[in-house]
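Here's a quick tour of the structure you're about to see, sorted by topic. Have the viewer open and follow along.

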Amino acid sequence: MTTTTERKLTIQKAIAEAIGLEMESDDSVFAMGEDIGVYGGIFGATEGLLDRFGPERIMDTPISETGFIGAAVGAAVNGLRPIAELMFVDFFGVCMDQIYNNMAKIHYFSGGNIKVPMVLMTAAGGGYSDAGQHSQTLWGTFAHLPGMKVVVPATAYDAKGLMTAAIRDDNPVLYIFHKGVLGLGWMTNNPRATGPVPADAYEVPIGKASIARTGEDLTIVTVGLSVHRALDAAETLDDEGISAEVIDLRSLVPLDREGILASVGKTGRLMVVDEDYHSYGMSGEVITTVVEGAWGALTRPPVRVTTPDIPIPYSRPLEQWALPSVDRIVAAAEQLASA
Amino acid sequence: MSIPNDHLVDMYETMVKIRRFEERIREMYFEDKLPAFDIAAGLVPGEMHLSAGQEPVAVGVRPHLRPGDAITATHRPHHIAIAQGVDLDKMTAEIFGRKTGLGHGKGGHMHLFSAEPNFGCSGIIAEGIPVACGAALAFKRRDSGNVALSFFGEGAANQGAFHESLNLAALWELPVVFICEDNGYAISVPKSMSTAIPDNSDRASAYGIPGVLVPNNDPVAVYEVAGEAIGRARSGGGPSLIEVKTDRLWGHFEGDADLYRDATYKEAMTARDPLTTFGRQLVDEGVLDEATIADITERMHGEVEAAIEFALASPYPDGADALDHVFA
């Protein structure tokens with residue numbers, strides 16, 4: 001290996017690098033979406049790729065999400081490996097049929113005879129006052145629907161490796177990146193958004209959680225930007241003598257239930273932090289997993305820190321109140337650890 | 001008109017096969033659902049959308065197809081699948097929900113998928129139109145010389161997916177042909193109540209592509225128009241839109257009381273039944289004689305019966321097989 005792990009990249013650059021490497025090594029890989037060409041993607045996921053691969057393989061599309069996501073499905077069925085970008089996950093409302101009725105079902109309907117190897121990548125998350133149609137995470141909505149993998153990276157290393165794995169996967173993979181971890185120049189970023197990334201291509205397996213921080217007293221299961229919120233909270237808790245383990249799921253589908261159970265088996269206390277809506281979502285699924293699989297290990301009822309069941313509000317105090325914050329995580333952990 | 005006789009005969013044979021298939025599915029569909037109609041009962045449960053009367057749209061395209069050409073079809077897919085040559089045994093088995101079916105019983109009659117020939121369909125109106133654009137994009141990228149064809153009803157031409165797809169196909173000069181089967185009714189709603197203009201073929205001009213109307217349910221006319229459009233697409237000339245005025249002889253689905261079309265309308269449809277009309281035309285032109293027609297009929301009916309026997313002899317999947325094939 002000639003790679004150096006000392007080189008640091010933002011998540012945004014790590015994603016673009018993964019796509020570029022796969023496009024170099026496999027000419028069936030191409031990308032399509034709104035503003036992914038000259039602009040390089042509104043969130044930079046295809047930065048620099050138009051110059052290297054040209055407009056045939058870095059395709060700017062009209063604002064026709066049904067049209068081009070459906071076309072990505074057709075191209076995938078016919079031997080290409082498309083990466084389609086849905087600019088904001090919130091825009092799924094204009095194209096969900098192609099995603100959940102078509103992309104996610106063809107392999108099943110065909111009895112395994114037709115594969116749909118495509119990546120649908122999309123930006124998610126709030127915290128910057130973009131209001132309720134540009135700030136949702138919605139991963140629980142997609143994870144609820146069978147037939148697509150759902151990936152949410154939280155570190156630059158994982159972002160690159162998961163994108164590589166997603167492109168090489170023979171299944172449709174929804175790759176959701178949280179805007180708050182990308183390392184964009186125009187948005188406040190968590191310092192951990194920049195991290196060491198090997199220069200060569202590598203895969204991070206989809207479906208395996210990572211232990212972002214080991215701890216003994218309680219387990220925080222989370223994903224995306226909330227991994228960093230949880231890590232920040234864990235530092236504060238550490239000062240208070242509470243040792244929190246942070247599990248970064250990395251993917252909602254498949255869900256690493258064994259990884260969750262192993263951690264809770266050790267700590268006996270579970271908190272789920274999810275920027276997605278409170279009810280009927282990831283937090284409920286993780287808690288149910290533990291109730292079903294490690295009931296006896298639980299020493300306290302599980303708790304969750306989530307976005308309440310409201311549309312994401314615009315005004316700064318409203319939104320900041322609604323989203324999971326480090327303070328809310330710390331407060332909930334103190335309670336959870338106290339008994 | 002200069003259609004080789006073997007194409008005419010092939011088209012007629014395929015029409016006979018399609019019609020027989022639809023008639024037999026219809027018979028078997030009702031066999032154990034009556035007297036009290038229960039959609040969940042019997043050999044063929046669920047909704048069933050049959051294509052009797054729409055055969056010309058499918059068989060007119062058939063002689064122009066090459067291996068690898070992609071077709072996306074609709075909730076009413078049998079005529080097109082048969083015309084493209086989808087394995088009839090496996091297709092019938094799928095409709096019967098058997099383990100040997102195209103999708104091992106996962107899809108049923110609205111979700112038939114085949115790799116070779118390259119066929120797919122969908123129960124969602126207009127869902128397959130963008131997919132055909134993607135297939136065409138793949139063909140263009142690979143310079144394969146293949147074309148993609150998307151069949152859809154006149155009701156689908158009011159979906160956003162139709163308009164987005166025509167724009168994409170024209171913009172990217174894709175080798176795709178859009179074929180609108182105008183059977184006059186979107187379930188019960190007549191085209192005059194759903195569509196602002198009489199002919200969807202006129203909508204092609206909004207996207208700067210050729211749009212051609214086939215004003216009658218004539219397989220030869222479809223052959224000619226489709227041949228030109230497919231040839232243009234194959235040679236890099238970009239997409240086309242074709243609308244064929246066709247007839248759905250039966251209800252939207254089996255069990256449909258079909259009260260929205262009056263007796264006069266139905267009698268007129270029966271009088272212009274394309275199977276009868278085309279057979280008579282071929283006899284008049286000396287392409288076929290009565291004896292040959294009888295022979296074709298026997299052979300095609302035999303193929304349909306063989307497929308039904310295959311499907312009937314096939315086992316059902318085990319319930320827990322439902323868990324397979326969610327992921328590759």
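H3(A) and H4(A) run roughly parallel to each other, because their packing angle of about 25° falls under the 35 degrees cut-off. This is a predicted model, by the way, and the predictor gives the complex an ipTM of 0.96 and a pTM of 0.96. For chain B, the mean pLDDT is 97, with 100% of its residues at 70 or more.

**The helix pair in chain A**
- Helix H3 covers residues 65-77 of chain A and helix H4 covers residues 96-103, and their axes sit 8 Å apart.
- The crossing of H3(A) and H4(A) is right-handed.
- On the H3(A) side, the contact uses A:Thr66, A:Ile69, A:Gly70 and A:Val73, while H4(A) brings A:Gln98, A:Ile99, A:Asn102 and A:Met103.
- Sorted by type, the residues of that contact come out as 4 nonpolar, 4 polar and no charged.

**A helix pair in chain B**
- Which way up is the pairing of helix H4 (residues 88-95) and helix H11 (residues 290-313) in chain B, and what is the angle? They pack at about 50°, with the axes 8 Å apart.
- H4(B) goes past H11(B) in a right-handed crossing.
- From H4(B), the contact takes in B:Leu88, B:Asp89, B:Thr92 and B:Ala93; from H11(B), it takes in B:Glu303, B:Ala307, B:Ile308, B:Phe310 and B:Ala311.
- The contact of H4(B) with H11(B) splits into 6 nonpolar residues, 1 polar and 2 charged.

**How H4(B) is enclosed**
- H4(B) is largely enclosed by the rest of the structure, because 7 of its 8 residues are buried.
- The buried ones are B:Leu88, B:Lys90, B:Met91, B:Thr92, B:Ala93, B:Glu94 and B:Ile95.
- What covers them includes helix H1 (5-31), helix H3 (78-84) and H11, each from chain B.
- Just after H4(B) you'll find B:Gly97, which has a positive phi of about 75°.

**Where the chains meet**
- How many residues of chain B are in contact with chain A? There are 34, and they meet 33 residues of chain A.
- On chain B's side, helix H5 (128-142) and helix H6 (160-171) each supply at least two residues.
- H5(B) gives the most to that side, with 9 residues.
- By type, the side of chain B that touches chain A has 18 nonpolar, 11 polar and 5 charged residues.

- As background, most residues other than glycine have a negative phi, and most peptide bonds are trans.
- B:Leu34 and B:Pro35 are joined by a cis peptide bond, with omega at about 5°. B:Pro35 sits in the loop between H1 and helix H2 (55-59) of chain B.
- Another cis bond runs from B:Glu116 to B:Pro117, where omega is near -5°. B:Pro117 belongs to the loop between strand S2 (113-114) and strand S3 (118-121) of chain B.
- A:Ser129 isn't a glycine, yet its phi is positive, near 60°. You'll find A:Ser129 in the loop between strand S5 (119-124) and helix H6 (139-143) of chain A.
- B:Ala126 is in the loop between S3 and H5 of chain B.
- B:Ala126 is buried, because 25 other C-beta atoms lie within 10 Å.

**A look at B:Ser240**
- B:Ser240 belongs to strand S9 (residues 240-245) of chain B.
- With 25 other C-beta atoms within 10 Å, B:Ser240 is buried, since 20 or more is enough to qualify.
- Leaving out residues up to four places away in sequence, B:Ser240 touches B:Val177, B:Ile209, B:Pro210, B:Val212, B:Ala229, B:Arg232 and B:Ala233.
- B:Asn200 is 40 residues from B:Ser240 in sequence, and their C-alpha atoms are 12 Å apart in space.

Methods. Residues are numbered from 1 along each chain as its sequence is written. Chains are lettered from A and ligands numbered from 1 in the order in which they are written. This is a predicted model: local features need pLDDT of at least 70, side-chain atom pairs count only at pLDDT 80 or more; totals for chains, interfaces and linings use all residues. Helices (H or I, at least four residues) and strands (E, at least two) are DSSP runs, numbered from the N terminus. A residue is buried if 20 or more other C-beta atoms lie within 10 Å of its own, exposed if 12 or fewer, and partly exposed in between; C-beta atoms are placed from the backbone. Two residues are in contact if their C-beta atoms, placed from the backbone, lie within 7 Å. Ala, Val, Leu, Ile, Met, Phe, Trp, Tyr, Cys and Pro count as nonpolar, Asp, Glu, Lys and Arg as charged, and the others, Gly among them, as polar. Axes are lines fitted to C-alpha atoms, for helices over the stretch in contact, and angles run from 0 to 180 degrees between N-to-C directions. A crossing is left-handed if the near helix is turned anticlockwise from the far one by less than a right angle, and right-handed if clockwise. pLDDT is the predictor's confidence in each residue, from 0 to 100. Angles under 35 degrees count as roughly parallel, over 145 as roughly antiparallel, 65 to 115 as roughly perpendicular and the rest as oblique.
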